[in-house]
Amino acid sequence: LITIIIKQVIVNEEKGREFLCNSIAVILLFGGLFTKVILWLQLFSINFPFIADLGSNQPIGNIVQPNQTAFVLCLAMVASLYLNEILTWYKKINFIILFSFAIGIAFTASRGGLLIMLGIPFLYALILNMPTKLRAIQWGISSIILAIGYGVGLYLFNQFVVGTSENAIVRAMGAAGLASNNERVFEQNLAYNLFSSHPISGYGWGNSLKGAFDYALQDNWFILAHHSHVFITQIAAELGLLGLLIFMPLSWILSKNFNFKMNAIQAFPVALVVVTLVYSMSEFPLWYLRFSLIFAIALSMIDPSAFKMKAYYNSLLGGICIIISLTSIYYYKTYLEYNRYTELTFSDQLTTQQVDKLKDVFGYREYKEQLLYYSLTLDNHLLSQKISLGNRVIDKIPTMVFLEKQAIYYALNNENNKSLELYKKGCIIDYRKNCSLIEKNLKDNAKNNVENFGKIYNDFIMWKNSK
């Protein structure tokens with residue numbers, strides 16, 4: 001399917017752009033409808049093998065992330081408004097579809113989803129070629145339908161969702177919304193620190209989590225977040241000023257082709273790109289292949305005449321895509337094998353001998369090292385090698401269990417300062433929710449091994465009491 005789509009874009013066939021728009025719109029629409037059905041089933045705790053079940057009836061979709069589920073429904077809304085422009089018969093059901101999607105967005109309790117939902121009809125009314133009066137009417141009717149649908153969704157959410165779950169309105173105005181906003185502020189502060197430390201080239205691609213770990217004690221705040229949730233600051237933090245140059249071609253394509261008199265085929269990819277960029281100001285869809293692929297194809301359709309390739313290159317392109325697809329199957333099977341060993345860690349049954357049986361696959365070294373490090377015993381045997389491995393692991397995934405383990409190895413190796421630093425970071429990670437456990441474990445270690453852990457424990461208590 002991807003091969004066909006790429007071929008249509010590059011060859012620039014006469015009907016290629018229209019074919020792509022229609023195909024993507026239908027796929028997004030049915031994806032949204034299927035997601036909506038799943039939300040209804042989850043709301044009423046109707047379980048099927050293909051539906052994600054997290055033990056409650058809060059509707060979150062199969063993506064298991066409410067904001068992303070809301071984004072899927074917003075993309076489906078864009079597709080519905082496009083089909084409403086090109087298919088006469090679809091006009092009879094468009095408002096019903098929009099009404100249904102609005103209910104689904106209310107189910108997700110996503111604040112960003114609510115704002116984007118309200119903005120999509122305005123965007124379409126703004127860029128489509130129609131009289132001003134008709135723009136206002138279409139925007140108004142669509143907005144009213146969405147508002148009513150969202151209200152129905154809120155009512156159903158409040159009536160049927162059990163537990164402490166809050167809807168988007170309550171979350172936005174309550175303590176949860178304030179906490180989330182504060183977290184976003186901290187994430188932007190971290191992104192600024194990473195950018196200012198390396199303004200030209202950034203902190204390194206994929207190194208945001210490592211940066212959060214490095215700056216944890218300076219900021220007195222640390223969560224396991226690998227993204228700032230704002231795509232501009234994320235790129236600036238990891239790639240610096242050089243990385244920000246990527247916005248030049250993006251801005252050029254949009255500014256060159258953006259106007260207020262587009263036909264449906266012109267407006268559809270523009271709407272997809274704009275909605276994705278707006279959503280990327282509070283989440284990171286472009287870091288997920290399922291969303292970045294849609295974005296890349298939509299962006300290429302905005303100006304399909306900008307790049308052409310001779311037809312005989314299509315065979316080469318198709319061959320490359322087929323090879324990549326076959327390789328992906330192999331990597332997926334390997335991932336399932338690795339994941340089977342990961343599940344053993346939940347019951348502390350993973351051993352070093354089991355990890356050694358895993359095949360060494362290009363690109364999976366870090367994954368295997370995490371499993372190997374988890375399986376190591378807490379003793380002095382091969383201590384320097386354990387510390388070296390642990391440093392590589394916590395650079396990529398500084399979870400509490402790894403931080404505490406590395407701190408113990410440093411203590412056994414008489415590197416008290418490094419051990420104390422990791423205990424401190426383990427304490428402040430994820431809003432200090434595990435700090436009491438860190439303190440208890442360290443206290444037990446100090447009782448059993450005063451020589452290696454006694455001073456570290458005393459220094460840790462002094463640090464904790466000063467905060």
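Visitor: How many salt bridges does the structure hold?

Guide: This is a predicted model, and the structure holds 13 salt bridges. Let's go through a few of them.

Visitor: What makes Glu187 and Arg184 a salt bridge?

Guide: Their side chains meet with N to O at 3.6 Å. The cut-off is 4 Å between a side-chain nitrogen of Lys or Arg and a carboxyl oxygen of Asp or Glu, so 3.6 Å qualifies. As background, side chains of opposite charge can pair when their charged atoms come close.

Visitor: Where do Glu187 and Arg184 lie?

Guide: Both are in helix α8 (residues 175–197), three residues apart, which is about one turn of the helix.

Visitor: Why is Glu187 called buried, and why is Arg184 called partly exposed?

Guide: Buried means under 20% relative accessible area, exposed means over 50%, and partly exposed is in between. Glu187 has 3%, so Glu187 counts as buried. Arg184 has 22%, so Arg184 counts as partly exposed.

Visitor: How do you know that Glu369 and Arg392 form a salt bridge?

Guide: Again the side chains meet, here at 2.9 Å from N to O, and the limit is 4 Å. This pair links distant parts of the chain, with Glu369 in helix α17 (residues 365–375) and Arg392 in helix α18 (residues 383–396), 23 residues apart. Glu369 is buried because its relative accessible area is 12%, while Arg392, at 37%, is partly exposed.

Visitor: What makes Lys464 and Glu439 a pair that ties parts together?

Guide: The closest N and O atoms of Lys464 and Glu439 are 2.4 Å apart, in a salt bridge. Lys464 lies in helix α22 (residues 450–466) and Glu439 in helix α21 (residues 435–448), so the pair ties together parts that are 25 residues apart in sequence. Lys464 counts as partly exposed because its relative accessibility is 27%.

Visitor: On to the cysteines. How do you know that Cys427 and Cys435 are joined by a disulfide?

Guide: The S to S distance is 1.9 Å, and the cut-off is 2.5 Å, so the two sulfurs count as a disulfide. The structure holds one disulfide.

Visitor: Now the rings. How many aromatic pairs does the structure hold?

Guide: The structure holds 25 aromatic pairs, among them Tyr82 with Phe268.

Visitor: What makes the pair of Tyr82 and Phe268 stacked?

Guide: The ring centres are 4.6 Å apart and the planes are at 25 degrees, so the pair is stacked; planes under 30 degrees apart count that way. Tyr82 is in helix α3 (residues 66–86) and Phe268 in helix α13 (residues 264–279), so the pair ties together parts that are 186 residues apart in sequence. Tyr82 counts as buried at 1% relative accessibility, and Phe268 is buried at 0%.

Visitor: Why is the pair of Phe122 and Trp139 called edge-to-face?

Guide: Their planes are at 65 degrees, with centres 5.1 Å apart, so the pair is edge-to-face; the angle has to be over 60 degrees. Phe122 sits in helix α5 (residues 111–127) and Trp139 in helix α6 (residues 132–160), 17 residues apart. Phe122, at 39%, counts as partly exposed, and so does Trp139, at 37%.

Visitor: How do you know that Lys425 lies over the face of Phe213?

Guide: Lys425 is 4.0 Å from the ring centre, and the distance limit is 6 Å. Lys405 lies over the face of Tyr374 at 5.9 Å from the ring centre.

Visitor: What makes Asn414 stand out in phi?

Guide: Asn414 has a positive phi of about 60 degrees although it is not a glycine. Asn414 is found in the loop between α19 (400–412) and α20 (416–432), and counts as exposed because its relative accessibility is 56%.

Definitions and conventions
Residues numbered from 1 in each chain as written. Predicted model: local features only at pLDDT ≥ 70, side-chain atom pairs only at ≥ 80, totals over all residues. Heavy atoms only, no water. Phe/Tyr/Trp six-rings, centres within 6.5 Å; stacked < 30°, edge-to-face > 60°. Helix = DSSP H or I, 4+ residues; strand = E, 2+ residues; numbered from the N terminus. Buried < 20%, exposed > 50% of the residue type's maximum accessible area, 1.4 Å probe, protein only. Lys NZ or Arg CZ within 6 Å of the ring centre and 35° of its normal.
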